[in-house]
Amino acid sequence: MRNIAVFASGTGSNFEAILHAVDRGQIQAKVVLVVCDKPGARVIEKAEAAGISTLVLKPKEFPSKEDYEKAILAGLEEKSVSFIILAGYMRLIGPTLLQAFSGRIVNIHPSLLPSFPGLHAIEQAFQAGVKITGVTIHFVDEGMDTGPILAQRPVEIHEDDTIDTLEERIHAIEHVLYPETLAKLINEKE
Ligand code: GRF
């Protein structure tokens, strides 16, 4: 059984979806750690309520990004983590973690990459007037929402959509697609 760590900065709805998928045996892994860069983020209470250890570190309290990531790395090693799952972690992963977890860091992004990378992807698509956007799951490299794509699912933008209604449908797809994709990647083959 693989140990996974979820990195998040916000609400943690994808974290919850992953946790449920672990509980029902869809993802054969154990969530051993939640790493968060935002003290007070809702994902922290959710992790605590589920009895999962949290590592909450403020990047600004470290002299460099390297030092910040080294502190995270120590936490990951202590828990024998095999995969890093980014779920709304609002920061670029640096060389320290990329080298240590090469090919073992996954991210979810709320657009059909390479369209609309970066912040506010749902709003970006909505404002651009495209008729189809979606969700992408990809391996993480040094870029912003780049890296080999593992899975994508389209979401239509309806005439009467608002950003809120669109966001709701995108999240609903995320909560299905992320567990499905992680199961394929992580579950040990017979
Ligand atoms: C999701 O839309 C995800 O695609 C993006 O950040 C959001 C996180 O939402 N990277 P949540 O914290 O999982 O609810």
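**A friendly note on the pocket and its ligand**

1. Helix H1 (13-23), strand E5 (105-109), helix H5 (121-128) and helix H6 (163-186) each contribute at least two residues to the lining of the largest pocket. Please keep in mind as you read that this is a predicted model.

2. How many residues line the largest pocket? The lining is made of 35 residues, and those nearest the pocket's centre are Gly-88, Tyr-89, Met-90, Ile-108 and Pro-110. The volume of this pocket is about 870 Å³. Sorted by class, its lining holds 14 nonpolar, 15 polar and 6 charged residues.

3. Where does the ligand sit? You will find the ligand in the largest pocket. H1, E5 and H6 are the elements that give two or more residues to the shell around the ligand.

4. Now try picking out that shell in the structure. Around the ligand are Thr-11, Gly-12, Ser-13 and Asn-14, together with Gly-88, Ile-108, His-109, Pro-110, His-171 and Glu-174. By class, the shell has 2 nonpolar, 7 polar and 1 charged.

5. Which atoms of the protein pair up with the ligand? At Asn-14, a polar backbone atom is 2.8 Å from an oxygen atom of the ligand. At Ile-108, a polar backbone atom is 3.0 Å from a nitrogen atom of the ligand. Glu-174 takes part through its side chain, where an N or O atom is 2.4 Å from an oxygen atom of the ligand. On its own the ligand has 370 Å² of accessible area, and the protein covers 85% of that.

6. Two spots in the backbone deserve a look as well. Most peptide bonds are trans, and most residues other than glycine have a negative phi. Is the peptide bond from Leu-113 to Pro-114 cis or trans? That bond is cis, with omega near 10 degrees, and Pro-114 lies in the loop between E5 and H5.

7. Look for Ser-80 in the loop that runs between helix H3 (65-78) and strand E4 (83-86).

How values were computed:
Residues numbered from 1 in each chain as written. Predicted model: local features only at pLDDT ≥ 70, side-chain atom pairs only at ≥ 80, totals over all residues. Heavy atoms only, no water. 1 Å grid on protein atoms, 1.4 Å probe; cavity = no way out; pocket = protein on both sides within 12 Å on 5 of 7 lines; lining within 4 Å. Points joined across faces, edges and corners; volume = space filled by probe spheres on them. Helix = DSSP H or I, 4+ residues; strand = E, 2+ residues; numbered from the N terminus. Nonpolar A, V, L, I, M, F, W, Y, C, P; charged D, E, K, R; others polar. Near = heavy atom within 4 Å. Polar contact = N/O pair within 3.5 Å; in protein donor to acceptor, adjacent residues only side chain to side chain. Areas by Shrake-Rupley, 256 points an atom, 1.4 Å probe, with all protein chains shown as cover. Sits in = over half its atoms within 2 Å of the grid points.
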